[in-house]
Amino acid sequence: MDLDPEDVFKDEEDGSDNEFFQQSASSKEYVVYLVDASPKMFNTTCPGKDQKDETHFHLAVSCIAESLKTQIISRSYDEVAICFFNTREKKNLQDLNGVFVFNVAEREHLDRPTARLIKEFDCLQESFMREIGSQYGIVPGSRENSLYNALWVAQALLRKGSIKTADKRILLLTNEDDPFGGLLGAAKADMTRTSLQRAKDAQDLGISIELLPLSCPDEEFNVKVFYADLLGLDGEDLVQFMPSAGQKLEDMKDQLRKRMFTRRIIRRITFDITNGLSIQLNTYALIRPAVPGAITWLDSVTNLPLKIERSLICEDTGALIQEPPKRFQPYRNENVKFSMDEISEMKGISTGCLRLLGFKPLSCLKDYHNLRPSTFVYPSDQEVVGSTCIFIALYRSMLRLKRFAVAFYGSSSHPQLVALVAQDEVAKAGVQIEPPGINMIYLPYSDDIRDVEEIFPDTDDDAPRADEDQIQKAAALIKRIDMRDFSVSQFANPALQRHYAVLQALALEEDDIPETIDETLPDEEGLARPAVVKAIEEFKLSVYGDNYDEERDFLGKGKVGEASRKRKTIVENAVKESANYDWADLAENGQLKDLTVAALKTYLSAHNLPVTGKKEALISRILTRMGK
């Protein structure tokens, strides 16, 4: 059964224009990067990738640049703004001192990242001091509070959209753990209070504030001085903040090009449990395939996406048909006409609801019953109050009794039976690995299940069976090369990584394509470990014996050996025929073009060179081989 890797993850009744692989408005993310540009950010250094020291400002800019490059691939519908504070120049809609909003032409301050934004932001460090400048925005004797101004500007940038349709974040990067350390008394207390109040006002509007602290080499960033109050950290969250923030910064520095799908509802369905008792469920796809983006046709003049429109034209008059077409079915010498609505109504078999039929033991559910990716379902009280309470009672009973529910579900034209299997929560080190809920497994039709056929050799003997020693040696080998805590997310698709690298080079007009590492290749270093080599040799010895010659066995198998002998004969004949020509003299006098193609191929075959192509290509290959 051929499965479309994109279509297999879609829910029933989802058309080709569904937003399943598009970023919906409800999952947009608005981010304002708030970067400290004080002199301390330029004076403090830390080790870089090439073992050279780099300033904290350089680190912050490079992290944001990598995030923007990755965002175009992973979350292209998200919108960002870049804002510097503690600057000499000012550029913001509020005309506040010490705050500079970086942007490029033909782009709003908060908008989707563009190639021009990334290119100019990459070159910003060279011109920053000349065009923007750096200075301390909070100094004794001055009423200016650059941090307060920066939070105000960031909050204003995030006025776009609603918190119901978008997630809003302020990402603050700084190496100053005490921004008001140079102040004393009432001035410090007043500025601290107003800054904390400004942050609280932003959080009350649904804007989350995140801190990425940059620690000095000889002193760790002390979040307790000021930012713990600003972020609302206490207890265990305060203890775990610095390690998690450091990991987040490392992830920003070395990001993988991958598409990120936020958790969102595929569709809402009604679950009919008994007559008169129904609850509402939301369906989710926990795993989705990552594929290159769809091709978009553009106008050759305006470079805008083309919109496809279809019109029906009458064959007799050539006029446009305005009324919707009707179908007909011949019946007793008469055409019975049907409208599209009538046809849809006739095809309707299921209402699209999930209807409970009964329960069965989990032992009745086999692995081969799962023919397509399952759907994760979770309750919702949005329309039917009490859905969560009933769902939890059903979920706990299924776990306790080790049963799964059989239900009727499907689209209007494709009904089928499904198995509802309860999934318990899986947590590791306090982190949720698998969420609690129910997986909806689509059960196969009887024609989908085929009997297993064993293929035996064309001989009267039974199929070969491994003995106990061979099984033990194979188990020992598998144990040696087994990957602990394996996860599919550990390996990136090299073809996709190469595709994204080429797109990035084209969009940013880069001369070099970023190198991509194929993590799916065998781990030669790991396989060369003495313990692994010993396990491999013991397995080969137990299966093939002491006198096994792998190369001879490979060449002696049927057509492979015959093809090898033919190639060897062709090369030997080509060497003999090639000896009849003085190739060096012919090449020196330019007489190779006078020879036939067959004669030229004898030289190429004798030297194991390709013999394909036109005569000019063969001559060029010969001259290259001779070094001429």
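**Helix packing**

Modeller: Among the contacts in the protein chain with a separation of 6 or more, 66% join residues 24 or more positions apart; contact means heavy atoms within 4.5 Å. The model is predicted, so local features need pLDDT of at least 70 and side-chain atom pairs count only at pLDDT 80 or more, whereas totals for chains, interfaces and linings use all residues. Residues are numbered from 1 along each chain as its sequence is written, and side-chain values use heavy atoms, with hydrogens and water left out.

The protein chain holds 19 helices and 18 strands; these are DSSP runs numbered from the N terminus, with helices (H or I) of at least four residues and strands (E) of at least two. Of its 628 residues, 35% are buried, where buried means under 20% relative accessible area, exposed over 50% and partly exposed in between, with a 1.4 Å probe and protein chains only.

Consider the pair formed by α11 (residues 468-481) and α14 (residues 530-544). Their axes lie 9 Å apart at an angle of about 160 degrees; axes are lines fitted to C-alpha atoms, for helices over the stretch in contact, and angles run from 0 to 180 degrees between N-to-C directions. Therefore α11 and α14 are roughly antiparallel, for angles under 35 degrees count as roughly parallel, over 145 as roughly antiparallel, 65 to 115 as roughly perpendicular and the rest as oblique. The crossing of α11 and α14 is left-handed, that is, the near helix is turned anticlockwise from the far one by less than a right angle; clockwise would be right-handed.

On α11 the contact includes Lys-473, Ala-474 and Leu-477, and on α14 it includes Ala-535, Ile-536 and Phe-539. By class, this contact of α11 with α14 comprises nine nonpolar, two polar and four charged residues. Here Ala, Val, Leu, Ile, Met, Phe, Trp, Tyr, Cys and Pro count as nonpolar, Asp, Glu, Lys and Arg as charged, and the others, Gly among them, as polar.

A second pair, α5 (residues 146-157) and α6 (residues 185-204), has axes that come within 9 Å and cross at roughly 15 degrees. Therefore α5 and α6 are roughly parallel. The contact draws on Tyr-148, Leu-151, Trp-152 and Gln-155 of α5, and on residues of α6 including Arg-198 and Ala-199.
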